[in-house]
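I opened this notebook to keep track of what I looked up.

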Amino acid sequence: MADSILTDCDGGLLSITLNRPDRLNALTTPMLESLNEILAAAASDDQVRAVLLTGAGRGFCAGQDLNDRSVAPGADRPDLGESLENRYNPVVRAMRATPKPVVVAVNGVAAGAGANLALAGDLVYAARSARFIQSFARIGLIPDSGGTYFLPRLVGTARAFGLALLGEPLPAEDAARWGLIWEAVDDDELVTVTTSVARGLAAGPTSGFARIKQAMNASGDNDLDAQLDLERDLQRAGGLSDDYAEGVAAFLAKRSPEYKGR
Ligand code: T3D
């Protein structure tokens, strides 16, 4: 199963590729366990300064592998709560909490949990031919992997309901227009664009990016006063960082900054 997730770390950029193209990268228990291990290791590895997540083949990810959810009549039914608690939710939490920017390159269809794992990224690009499908309702489930959290916040309640109840494909360009993702790009540009962006982030002020994530993550639950207090505290830390000193020095010297990530 090791091959069902590919990783490559180069120049501070950890690339993760979901790799079951014949199943549109539908997720199995070993894949999710492996993804959790990779994300946990990346979070504490100073050599990793940005993460790029994509899929192999024509799909990004078709969500849970439904072959593993087939039950004979009368047999015990699967405990999906256990699956979310131990495998899906930790992936979403890890993507949101990791102190490194996570770029997602949605190379093709993203359905079910596959769609919502994509939305857990910080900067989501999609190939113009890709589509996002909240396919859960079609099989009697709710949008999981953060779907009921991210969707209303990203596109508003009306559109979130439409996506969740109807389960219809949302083309990448509409996803970008709605604010579900950052940008739709031509299919043959996706790898070049996302690799370039992710490499740029990997060379950036990593601890500053971590503070941006922390502030953005907190804003959904904070009132203005709490958020202003948090900004004060995070900016205080930023002002003490080596990268801030380097950024200011580089600006004044009219040269490119050389960030160390701390
Ligand atoms: O632990 C838990 O169970 C809880 C968590 C639940 C979270 C979830 O993700 S539940 C939702 C699971 N996902 C889906 O319901 C999506 C199912 N897939 C589809 O609806 C369609 O495949 C797509 C719309 C994504 C793509 O359609 P299309 O026509 O482009 O491709 P296809 O022909 O349907 O799929 C290609 C192959 O991949 C096909 O196999 P075959 O016929 O060539 O042998 C298909 O069966 C397989 N495949 C696609 N999705 C899955 C899958 N196999 C297993 N599980 C899948 N989810």
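Entry one, the second largest pocket. I looked up which element gives the most to its lining, and helix 2 does, with four residues. Helices (H or I, at least four residues) and strands (E, at least two) are DSSP runs, numbered from the N terminus. I note that this is a predicted model, in which local features need pLDDT of at least 70 and side-chain atom pairs count only at pLDDT 80 or more, while totals for chains, interfaces and linings use all residues. Residues are numbered from 1 along each chain as its sequence is written, and side-chain values use heavy atoms, with hydrogens and water left out.

I wrote down about 590 Å³ as the volume of the second largest pocket. Its lining has 25 residues, and Gln64, Leu66, Phe136, Ile139 and Leu141 are the closest to its centre. Two or more lining residues come from each of helix 2, strand 6 (109-111) and strand 8 (131-133). I sorted this lining by class and got 16 nonpolar, five polar and four charged residues. Ala, Val, Leu, Ile, Met, Phe, Trp, Tyr, Cys and Pro count as nonpolar, Asp, Glu, Lys and Arg as charged, and the others, Gly among them, as polar.

A pocket here is an open set of points on a 1 Å grid over the protein atoms alone, where a 1.4 Å probe fits, with protein on both sides within 12 Å along at least five of seven lines; lining residues have an atom within 4 Å of a point. Points are joined across faces, edges and corners, and a volume is the space filled by probe spheres set on them.

I found about 850 Å³ of space in the largest pocket. It is lined by 27 residues, with Arg96, Gly121, Asp122, Met216 and Asn217 nearest its centre. Helix 8 gives the most to this lining, six residues.

I looked for disulfides (cysteine sulfur atoms paired within 2.5 Å) and found zero. Cys61 counts as buried because its relative accessibility is 0%; Cys9, at 44%, counts as partly exposed. Buried means under 20% relative accessible area, exposed over 50%, and partly exposed in between (1.4 Å probe, protein chains only).

I counted 25 residues around the ligand, the closest being Ala62, Gln64, Leu66, Arg69 and Ser83; to count, a residue needs a heavy atom within 4 Å. A nitrogen atom of the ligand lies 2.8 Å from a polar backbone atom of Gln64. An oxygen atom of the ligand is 2.7 Å from an N or O atom in the side chain of Arg69.

Methods
A polar contact is a pair of N or O atoms within 3.5 Å; within protein, one must be able to donate a hydrogen and the other to accept it, and residues adjacent in sequence count only if both atoms are side-chain atoms.
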